[in-house]
Amino acid sequence: MVTLYDVARLAGVSTATVSRVVHGQDRVRESTRMRVRKAIEELGYVPDGAGQSLSRRRKDVIGLVCVEREVDHIDIENVGLLYYDEVLRGVEACIRHRNWSLLITFMQGYRTDFSRLDSLSGKVDGILIGEGFVASPIIERLAARVPVVVIAGTPGERAADVVAADNFSGSAAIITHLIADHGKRRLFHVDGPANSPDAGQRRLALEHVLRGHPQCQLVGSTQGILSVRSGELAGENLLARHRAALPDAVVCANDQMAIGVLRAFAAGGVRVPDDIAVVGFDDIALGSLYDPSLTTVHQPMRMLGERACTRLLDRIAEPGLAPAVELLPTELVLRASCGCSPDTVTRQAVKALKNIRTSRVNSAGRPDSAVARQAARQLAPQAAKA
């Protein structure tokens, strides 16, 4: 193993000079710096990260905790750039030029092993939690040990920073589009897991839009796990129960379940959008390739990872920062599955609904009554236009 002493001997300098070059310090002549770097390259020297960590009391490592939900067979989650792939790319883009490392762990969404979270906190300088599936008391306990930022967490979280998409506004926009632009009145909802804050915010938006449109109704709802297969099962069950009187539209909590619904409808001979409209949320690449192409809401998944990682590094550098919530804007992506023209794709920026971005929600993902009343008032003008 090549050591610091080997580099110093080859470059003809002291070990202290080599250390200053490795750490990027300024107190070295440029000619000496170049000589040391040449020796490092020639010998293939790699600095001892553990030793540097001890000297700086920092590891230069962050942790990313992802949730893995159970699927019963090979599903679309195994191919393509989906949620965590995009988030991971954003995180990597943030730490790449800093020469930090990333430690990733997956946990089962229905059974979180909190002892692993505790163990992880001793190996990293800070933790990114990939979805808000960890309860606030556990986040609070982790945040007492290391800085924590929750991606796609509950906007009302108080124990740590949260970076999320503006799910409420995005979902309200796509549902309002179905009602106001396509005249849909009877809606069916394919919901996500109860412990998913993203799904909770999208569910709240559906409820509030319907409250502002009394001529519309929710004719049914089922819960999935955000996988294609769970959407396919939801579509099959919908056809079994409502084949005689199909809903006007199916609103899915994410694109993967929407693709599953489209599969079930294609197998059952139901035409989309002629017989029924289908919409999703996320804007994964596969949605644009499906036939019919999927109308959805774009959330900036890569930017979620980048902004959350930036916030985590800021908190590592300055632990006294107050916890903050950042909601990233979404975009309405109109394609064929809702009834829009199949020949064009329209992208529309979603206007944020005021006072929703800092709303408190309880553990079930539901807002307090004051926030609910305010949201209903904000959506009322849209109901009048419809």
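Modeller: Start with a cut-off: a residue counts as buried when its relative accessible area is under 20%. Tyr-84 has 14%, so Tyr-84 is buried. Keep in mind that this is a predicted model.

Colleague: And is Tyr-83 buried or exposed?

Modeller: Tyr-83 is buried too, with a relative accessible area of 12%.

Colleague: How do I read a pair of aromatic rings?

Modeller: You describe such a pair by the distance of the centres and the angle of the planes. Here the count comes to two aromatic pairs. In one of them, the ring centres of Tyr-83 and Tyr-84 are 4.9 Å apart. Their planes sit at 70°, and over 60 degrees counts as edge-to-face, so that is the label for this pair. Tyr-84 also pairs edge-to-face with Phe-106, at 6.1 Å centre to centre and 75° between the planes.

Colleague: Where in the chain are Tyr-84 and Phe-106?

Modeller: Tyr-84 belongs to helix α5 and Phe-106 to strand β2, 22 residues apart, and their pair links distant parts of the chain. Phe-106 counts as partly exposed, at 42% relative accessibility. Ring pairs join Tyr-83, Tyr-84 and Phe-106 into a cluster.

Colleague: Now the helices: at what angle do α6 and α7 pack?

Modeller: About 20°, with the axes of α6 and α7 10 Å apart. Angles under 35 degrees count as roughly parallel, so α6 is roughly parallel to α7. The crossing is right-handed.

Colleague: Which residues of α6 and α7 make the contact?

Modeller: From α6, Phe-114, Leu-117, Asp-118 and Ser-121; from α7, Ile-138, Arg-141 and Leu-142. Sorted by class, that contact has four nonpolar, one polar and two charged residues.

How values were computed: Residues are numbered from 1 along each chain as its sequence is written. This is a predicted model: local features need pLDDT of at least 70, side-chain atom pairs count only at pLDDT 80 or more; totals for chains, interfaces and linings use all residues. Side-chain values use heavy atoms; hydrogens and water are left out. Axes are lines fitted to C-alpha atoms, for helices over the stretch in contact, and angles run from 0 to 180 degrees between N-to-C directions. Helices (H or I, at least four residues) and strands (E, at least two) are DSSP runs, numbered from the N terminus. Angles under 35 degrees count as roughly parallel, over 145 as roughly antiparallel, 65 to 115 as roughly perpendicular and the rest as oblique. A crossing is left-handed if the near helix is turned anticlockwise from the far one by less than a right angle, and right-handed if clockwise. Contact means heavy atoms within 4.5 Å. Ala, Val, Leu, Ile, Met, Phe, Trp, Tyr, Cys and Pro count as nonpolar, Asp, Glu, Lys and Arg as charged, and the others, Gly among them, as polar. Rings of Phe, Tyr and Trp (its six-membered ring) pair if their centres lie within 6.5 Å; planes under 30 degrees apart count as stacked, over 60 as edge-to-face and the rest as tilted. Buried means under 20% relative accessible area, exposed over 50%, partly exposed in between (1.4 Å probe, protein chains only).
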